[in-house]
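This report covers the pockets of a structure and one of its helices. The sequence and model come first.

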Amino acid sequence: MQLEYCLLLAAALFCIGIYGLITSRNAVRVLMSIELMLNAVNLNLMGFSNFLDPTGIKGQVFTVFVITVAAAEAAVGLAIILAIYRNRNTIDMEQFNLLKW
Amino acid sequence: MNEIFSQTIWLVPLYALVGAMLAIPWSPGIIRQTGPRPSGYINALMTFIALSHSLLALSEIWHQPVQYLSFQWLHAADLNISFDLVISPITIGALVLITGLNLAAQIYAIGYMEMDWGWARFYSLLALFEAGMSTLVLCNSLFFSYVVLEILTLGTYLLIGLWFNQSLVVTGARDAFLTKRVGDLILLMAVVALLPLAGTWNYTELAQWAKTTTIDPNIATLLCLALIAGPLGKCAQFPLHLWLDEAMEGPMPATILRNTIVVSTGAWVLIKLQPVFTLSPVASTVMIGIGSVTAIGASLIAIAQIDIKRSLSYSVSAYMGLVFIAVGTQQDETALRLLFTYAIAMSLLVMSIGGVVLNNITQDLTKYGGLWSRRPISGICYLVGAASLVAFPPLGCFWTLTEMADNLWNTHPWLVGVLVIVNGLTAFSITREFSLIFGGKPKQMTVRSPEGLWALVLPMTFGMGFALHVPILLHQWNLLPEWENLNLTVAIPLVISTLVGAGASAFIYLNEKITKPIEFKPKAVQDFFAYDLYTAQLYRVTIVFVVGLVSQIIYWFDRYLVDGVINLVGLATIFSGESLKYNVSGQTQFYFLSIFLGVILFVGVVCFPIISQFSFVLFP
């Protein structure tokens, strides 16, 4: 029953990430929630890799890729937040509702 | 070779049609320089040619057997419509009457329409009427009779509406068209229903069919009632009689035609259909009932009128009612003879009245008086016309009315009573008009009243001569009974009713001691007849009201319900677009939520079978 616990933990972490993603007012915190979600995914990958594919461990390779891509993505995300901050002097997500209907 | 005229008798309607076309160029908008008179001359010439042709054909066909001609008109699938003509002394005699009266009316109009610019329109419509009526009497097919009746209905509309800048003319023309149209449409139902039953529209074959057929009496009754409805409207019978009263707004020469022969077109169809009516005793009873009610009612109304033209027009309805009675009692020959003698007499009356109206302007009988010494020709023509119209021996209608009463005496004695009453009332009415116009002292409107020009007087005197010769002609044609065969039991009451009616009328209206205008007690009765039994109001509160209400309801239904449903679809689309756009909230996190919910939903739907198995495991 090891895999299920692992997966449940990952799901819980993902859900926490979702909750943070859609409720945070701080844009940096949104990025942090995204990181939580990515890490939940990584937990999944590691779990599957260990329990279902112990010889090939393709999941671990996947995880490495996800970590690197997530790092790059977080960097770009922070850059975007900085660009917005320079223009609008705030990183409150509720102030960014200019592109509506 | 000696039958050239009777074999080409179908040219007679074409002469008139050619005249109608040739008149059009003199409309004020086309030939602007010369004035409209040539159109009248051309039409009078064409009518004269038609009359000569008819007369020559009549002399050829006299004592000859009846001949039939047939042209193919339409052949489609198994429907074969042929244009049948019948050439018999009766039809050609009717042609002579029609073209003769038309010639009289057209020459009369040359005088009457002197101060009018609308000759082209007027004469082409008169010619259209002549063509239509000639076609009607020649054609031997119910279908084409119907076609011609409809064309004549349209012609009536246009002819009454000649002076369309007068508002009463417009309403009169409207009523004439719609009222006659209603009758014609019901007639169309019968015409259409007759083809599957009889397999033919030919009158001769219809008569054959009616002798042998064994159709359901109810169907026969409905069929015959619908067949009556067309002539009912055409002949201005109750309750479709108001149009004739309002049609008196049209020009006088057209009135000559309408009062004498146009109303007879319906009667002609009725007479032709008489064999079919024998199928249904109910229809005959209805016909007799309508005829009697109209005859008595209209003669009473005629007495209460103060407009000369209208007073005569109700007498027209009354005499058409007598024709209905004659057809209802299977006397089609008598009905034809009555139409002939009646048309001569009535044309004479209208021509005389027209000349009087032209020079005195007013049509109000109460403003007339004392014209006898200065208008002797009009007066004598009126007297001869009046004497020919009622049972006054030895003139025209005496013989036909006596013949009719004689035929009725053994079968429907009470109808003889109707005949006597109508005769007496008509005698009263026309004597009243004569006394008011020609008798008494001149009034303001009639102080100076010259006799009309030759064009008015010539047709009038010709008509008078013809009316005086009618008994001789009837004698020549062996249509008169011998003196010893005359049924005195009916002839004497008729003559007495004439004398009593005329005498009483003359006594009342020529007597200076009785104050004019006559006040009848109670006044309500006088008004009741003077206002034509309040028929206009009756139409307004019944049929016009119902049709108006229904059309308003349908309009409302269409405008709000039918349109509304479609508009609702559009509105709903607009509204949903307007409200759904708020989903684009501008909040990135809202989009994330939408994505997340969408994925959950998708996964839920895809995984539903598995989850339901789970629940089965969890809640066994």
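## Basis

The model is predicted, with local features requiring pLDDT of at least 70 and side-chain atom pairs pLDDT 80 or more, while totals for chains, interfaces and linings use all residues. Residues are numbered from 1 along each chain as its sequence is written, chains are lettered from A and ligands numbered from 1 in the order written, and side-chain values use heavy atoms, without hydrogens and water.

## Largest pocket

The largest pocket holds about 1700 Å³ of space. A pocket here is an open set of points on a 1 Å grid over the protein atoms alone where a 1.4 Å probe fits, with protein on both sides within 12 Å along at least five of seven lines; lining residues have an atom within 4 Å of a point. The volume is the space filled by probe spheres set on the points, which are joined across faces, edges and corners.

Its lining has 49 residues, and B:Gln305, B:Tyr314, B:Ala530, B:Tyr531 and B:Asp532 lie nearest the centre. Elements giving two or more residues include α13 (281-303), α14 (308-328) and α21 (523-530) of chain B, while α22(B) gives the most, with 8 residues. Helices are DSSP runs of H or I with at least four residues, strands runs of E with at least two, numbered from the N terminus. The lining has 27 nonpolar, 7 polar and 15 charged residues; Ala, Val, Leu, Ile, Met, Phe, Trp, Tyr, Cys and Pro count as nonpolar, Asp, Glu, Lys and Arg as charged, and the others, Gly among them, as polar.

## Second largest pocket

About 1300 Å³ lies in the second largest pocket. Of its 44 lining residues, B:Gly93, B:Val96, B:Leu97, B:Phe340 and B:Phe466 are the closest to its centre. The lining divides into 34 nonpolar, 8 polar and 2 charged residues. The most come from α4(B), which gives 12 residues, and α15 (332-360) of chain B is among the helices that supply at least two.

## Helix α15 and the annotated region

With 29 residues, α15(B) reaches 41 Å from first to last C-alpha, close to the 42 Å expected at 1.5 Å a residue, taken over one less than the number of residues. Because 25 of its 29 residues are buried, α15(B) is largely enclosed by the rest of the structure; buried means under 20% relative accessible area with a 1.4 Å probe, protein chains only. B:Ile361, which follows α15(B), has a positive phi near 65°.

An unreviewed UniProt entry places "domain: NADH:quinone oxidoreductase/Mrp antiporter transmembrane" at residues 140-422 of chain B. Over residues 140-422 of chain B the chain is 78% helix and 0% strand, with end C-alpha atoms 33 Å apart.

Conventions. Buried < 20%, exposed > 50% of the residue type's maximum accessible area, 1.4 Å probe, protein only. UniProt positions renumbered as here; feature names shortened; annotations may be inferred.
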